[in-house]
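Please examine the sequence and the structure shown below before reading on.

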2 protein chains.
Amino acid sequence: MSIDATALRPRISRLQAAMAAEGIDALVSFKPEHTFYMSGFNPVLYSHPVIVILPAKGAPTLLVHALRVAHGRDEGFVDDLRAYGVWSTTQTMGPKWEDALQQILIEKGLDSKTIGVEADATPVARWKTVESLVPSATLADSSKLIDRCRLIKDPDEIANARIAADLADRGMNAAVAELAAGGTERDAVAASTKAMNDHWRKHLPDIEVADFGGLEGGAVSGLYTWVLSGERMFRNCDNSIIRKPESHDACAIFIWAIANGIHAENERTVIFSDVPEANRAALKTILDIREEIIPMMKPGVPLAELYHITKRRLIEAGYEKNIPGRIGHTIGIGAHEHYSLDGVTDVIMEPGMMFTLEPNLRVPDQNVSTQISDTILITEDGHEFLTKSLGGLIEV
Amino acid sequence: MSIDATALRPRISRLQAAMAAEGIDALVSFKPEHTFYMSGFNPVLYSHPVIVILPAKGAPTLLVHALRVAHGRDEGFVDDLRAYGVWSTTQTMGPKWEDALQQILIEKGLDSKTIGVEADATPVARWKTVESLVPSATLADSSKLIDRCRLIKDPDEIANARIAADLADRGMNAAVAELAAGGTERDAVAASTKAMNDHWRKHLPDIEVADFGGLEGGAVSGLYTWVLSGERMFRNCDNSIIRKPESHDACAIFIWAIANGIHAENERTVIFSDVPEANRAALKTILDIREEIIPMMKPGVPLAELYHITKRRLIEAGYEKNIPGRIGHTIGIGAHEHYSLDGVTDVIMEPGMMFTLEPNLRVPDQNVSTQISDTILITEDGHEFLTKSLGGLIEV
């Protein structure tokens, strides 16, 4: 890339400001979500480590295996791309990432500085390897620093979140229709997955739907639906089964979609005609609470205020034993980012933050459960619902 | 469960024999693949840690968040299930996993013993937390011990691998048909995903297709297809694009499927009518090599022998600059387990081992690439192809 990509990415400036404030001279990251955040590159598979080195001033360096060079250059926004390993005739810095990383840190004068590495994500063996490569450096935990910067989304992330949310809405509409037509949990999953894949394959040429791989594999598609009916709603997350909901069931549909590395979540409760009054009452309580707290989704409001109101209303409605631990969370590169709408998280809403809003009830002794979640962006003067599919009481 | 589940799981005996040999008194694992291996439980989401404690003698203990108790009991094979956290009226050992883990280690007399934790997977912060919970214990790296035990699959794992391979075959057949019908990369992905989902939703009531979640999300379906056409084959792994292969293209189809936590891989190269002679020659070379080395997939043969023969034949055929780093890997709970069919891995084939076999060529300066992979089980007297879909030269 010939343009100054760094200037286009406010997140690099945010990270560097936070590094300066904390006395961190460079970040070295192996965490897939974070190497993507700082480079724009997701190879899906991480068996060969992808490493980003971000100094406190200047542009990031992306270090990849030789076989990922072309891919990294096409997809990422980093000019300074280095390679390790042996692959065909590609020139590299050496056969091993360890040697290459050491050379880069020495070259940038970082080998006796303070280097931030995520202690909550970096395996202890790898942490010790970095220590041994630069024994005069001090390693500091950068987990919270990066998590905090991720709270505010960049314009490209917001644009992708809108696309992910639209995919999730399409998946939701297809799942609701399939349940209404008498399908099983799995029929709804398959219909929903097909609807999302069909939209992607026809209409989203520039959108990748890959998620981030783990230690032994990769997630080449992150368009996920799961459906849990009746008391299976208490599982929260599970593979769906071949079960047709009964006429007295409530049924939860969960959709997670991803577009160019950014997630959206859309979750709805569908009820059938004979659902007991206790379920309807719980849903009404939740919908009333949503009406009350949604207008509070705006700059300046502490996350905890929404939680405290929810808790108060649930107690007033008789659900004092069923208070959820949180009523939402930050979302973006992670389906579950690390800040919660709970009673203790000390964050105030700002434009560019993105949350799921999901006050919900689980009342096992009444076999009552609700699941409604939207992905919501905080704007300059309020909020924007990114997920727009039919909310409220969905009776089929 | 009332039966002695441990007796049904040879893997627990293998692990305990290895622990005795290495002087490890207990394993404590947080790694999703390994907590599943030792408990049978995959909650998909791991935001609340799932922990298995396996002493050198006796049964494992499974420690989960209160909201996963019912799920863990239904799905896992561990009798001793403990809970932490606060959820509804469930009794737990305390609000935090740290307190519960400490109590369990003290109760079992392990707090001053040698405890194995995976250094290649456990975040440094969590490793240090375990150290602080049992300061008189010695933490040892158990990564390789567990990886070695995973080399031999248990009967239940083999049964699930056959189902995963059959799903992958169905996905492959659908993708080949879609490309033959003139579809784009993504059309083939969508058709393949639909075929796998349709078989699962109708015919596999007892099979979960969830993969293992990471630090910020989960993979509720691990039925993955990706298609790379023409020079995009050099990417190895990437999200597919809206591109219809040209008549002179080779095209790689990659399928990964999972059944109850066990993966299979099926990868094929499809060529179109006008594909250059260089591609045909490369494919013939690879198919000839496969003919020669497939009969060597049997007990007693060192993995490296297959690699050395492949290397020799590639050199003889003029591909001395294009020798792959490996020609396959172990597979099972991981799509990419940790042993390679390469020149240095010191493993001899035994019954119950499961490999991908994938000698392949990448010749960038000729724009030539091949991709063929099968999942193969080593049996008492030879091997069994788990993936059975049309191999060889697929011309459409």
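## Salt bridges in the model

Over all chains, the structure contains 59 salt bridges; a salt bridge is a side-chain nitrogen of Lys or Arg within 4 Å of a carboxyl oxygen of Asp or Glu. The model is predicted, so local features need pLDDT of at least 70 and side-chain atom pairs count only at pLDDT 80 or more, while totals for chains, interfaces and linings use all residues. Residues are numbered from 1 along each chain as its sequence is written, chains are lettered from A and ligands numbered from 1 in the order in which they are written, and side-chain values use heavy atoms, with hydrogens and water left out.

In chain A, Arg14(A) and Asp154(A) form a salt bridge whose closest N and O atoms are 3.1 Å apart. This pair links distant parts of the chain, 140 residues apart: Arg14(A) is in helix α1 (residues 10–22) of chain A, and Asp154(A) is in the loop between α6 (143–150) and α7 (155–180) of chain A. Helices (H or I, at least four residues) and strands (E, at least two) are DSSP runs, numbered from the N terminus. Asp154(A) counts as buried because its relative accessibility is 1%; buried means under 20% relative accessible area, exposed over 50%, and partly exposed in between (1.4 Å probe, protein chains only).

In chain B, Asp154(B) forms a salt bridge with Arg11(B), with 2.9 Å between the closest N and O atoms. Asp154(B) lies in the loop between α6 (143–150) and α7 (155–180) of chain B and Arg11(B) in helix α1 (residues 10–22) of chain B, so the pair ties together parts that are 143 residues apart in sequence. Asp154(B) is buried, at 1% relative accessibility, and Arg11(B) is buried, with a relative accessible area of 3%.

## A pair within one helix

Arg170(B) and Asp166(B) also meet through their side chains in a salt bridge (2.9 Å, N to O). Both residues lie in helix α7 of chain B, four residues apart, which is about one turn of the helix. Arg170(B) is partly exposed, with a relative accessible area of 35%, and Asp166(B) is partly exposed, at 30%.

## The interface of chains A and B

Contact means heavy atoms within 4.5 Å, and 70 residues of chain A are in contact with 70 residues of chain B. About 5600 Å² is buried between the two chains, 57% of it given by carbon and sulfur atoms; buried area is the accessible area (1.4 Å probe) that two parts lose on being put together, summed over both. In chain A, Arg186(A), Glu216(A) and Asn239(A) lose the most area to chain B, together 15% of what that side buries.

The rule finds eight salt bridges across this interface. One of the salt bridges joins Glu216(B) to Arg150(A), with the closest N and O atoms 2.7 Å apart. Glu216(B) and Arg150(A) are linked in a network of salt bridges with Lys31(A), Asp147(A), Lys153(A) and Glu337(A).

## A buried loop residue

Thr122(A) lies in the loop between β5 (114–117) and α5 (124–133) of chain A. Thr122(A) counts as buried, at 3% relative accessibility. Leaving aside neighbours within four places in sequence, the residues in contact with Thr122(A) include Phe30(A) and Trp127(A) from chain A, and Thr122(B), Pro123(B) and Val124(B) from chain B.
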